[in-house]
Every structure is written in C-alpha cells, then in structure tokens.
Amino acid sequence: EGLKANKLKKGNILYNGIDIKFNTKLSEKEIAERREYLSISVECPLLISVANLLPHKDYFTVLKALHLLKEENYNFHYIIIGDGPQLSQINIMLKEFVLEDNVTLMGKVENVSEYLQLGDIFIHSSKGEGCSNAILEAMAVGLPIVATNTGGTKEIISEDIGLLFDYKNSDQLKTYLVTLINNKSERMKYGNKSIVQVKEKFSVNRMMQNYYDIINRINE
C-alpha cells in the first residue's frame, strides 16, 4: 500500500527510521509549564497534528470532527504544526465552526518533538502516505495515533497502537477521538506500544539493516 501511495507499481519496501536518542525528554513539570504558557491546562486533552497545510493533508475533516466534539461539549485543544497555502481556508473554517478558542496554529517550529510531548493524541488525516515520519515521531514520544486508513499508514499502525479511520469520514474520526478522550488508560496503553514499535521496527539501525538486506537480495 505504501508503494501505491507513492504511485509505484513494484519495488522493495524500505521503511523510514528515526533516531530518537537525541530527542529532549521533558519532565512532567516542564510539560505542565509549557502547556500553561500555551494556556492549555494539564487536564485538557491536547490533540496535535504535524503536517503542512496542503489539500491532501485534509485538515478540513479534522476540523469537522472537532466541531462535532464541541457541539457535544467535550473539552479539548488542538495544535497544528505546519504551514502552507490552505492557512486562510483553515482560518475561515475555524470561525465557521467557532473553534478559534480550541485550535492553535503554530506554523513551522524547530522543536517538534518537544511539542509532541505536550500532547495526548496525535491525528493524521492525510489522503495517502508511504511511511510518515510525523507519525513515527509521534509514536516515539508515546502518543496514541488516530490516522487515515490509507497508503502505508496501515502497515505501521497496528490495532494495539492506534485507530484508523476512513479518509474524509469525520463522524468516524470524532468517534475514535471520543474513545481516547474518555479513556486515559487506553491512551497510555496505545502510547506505550507505540514506543516499543518504533524501537523495534523503525529505528535508524533497523532501517539500515533493512537496506542491507534489500541490497543483498538484489545481488543474489
């Protein structure tokens, strides 16, 4: 599926690897202080996405789902890290859905890992991906993943790591968000599995070993 997402008919699959040993690990005190700086209490479920503001990233479906959450009086805040040509459309939708107090547009930031550590749930609504670095980085800091069931994403997100929704299905996304917002222990369970999955399957060392294996198969 990752090959199809990149419009490739055949080939060898080499999953991305991320080096997590240089990530700054924030203490609980630092997380609380940074959330306070952003005017987000530690009790408020913090949702986060990292993706450029492009049509195929489909932020509109996320905002529709958040609109449904707000209509049902759920407490939440959503941070978007990224920039792009759809910024004005997203701002219009925030006003239309009365989400301006619930959503913070961060633009591009250097310390993505530190922002991810402030979050409770990671959302990825892309039309298609090969192997998303954004998802892997969120997994590395222990976030449960709610992502579209497209491309290579379903190859890296098993059922014990996160929840996959159909592309553009805002009702399904909203249902999955409610599940995780209401259940902190479930979020922690998914998050702990995420960390293990990255260490075992998506480290830089594992990526390099996979690369060598592919070269050896080609040369046989």
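1. Angles under 35 degrees count as roughly parallel, over 145 as roughly antiparallel, 65 to 115 as roughly perpendicular and the rest as oblique. This is a predicted model, in which local features need pLDDT of at least 70, side-chain atom pairs count only at pLDDT 80 or more, and totals for chains, interfaces and linings use all residues. Residues are numbered from 1 along each chain as its sequence is written, and side-chain values use heavy atoms, with hydrogens and water left out.

2. Helix α3 (residues 59–71) packs with helix α8 (residues 170–181) at an angle of about 55°, their axes being 8 Å apart. The two helices are therefore oblique to each other. Axes here are lines fitted to C-alpha atoms, for helices over the stretch in contact, and angles run from 0 to 180 degrees between N-to-C directions.

3. Which residues of α3 and α8 meet? In α3 they are T61, V62, K64, A65, L66, L68 and L69, and in α8 they are S170, D171, L173, K174, L177, V178 and I181. Contact means heavy atoms within 4.5 Å.

4. L105 is found in strand β3 (residues 103–107). With a relative accessible area of 29%, L105 is partly exposed, a term for values between buried and exposed (over 50%). Leaving aside neighbours within four places in sequence, L105 is in contact with I80, L87, I90, N91 and L94.

Conventions: Helices (H or I, at least four residues) and strands (E, at least two) are DSSP runs, numbered from the N terminus. Buried means under 20% relative accessible area, exposed over 50%, partly exposed in between (1.4 Å probe, protein chains only).
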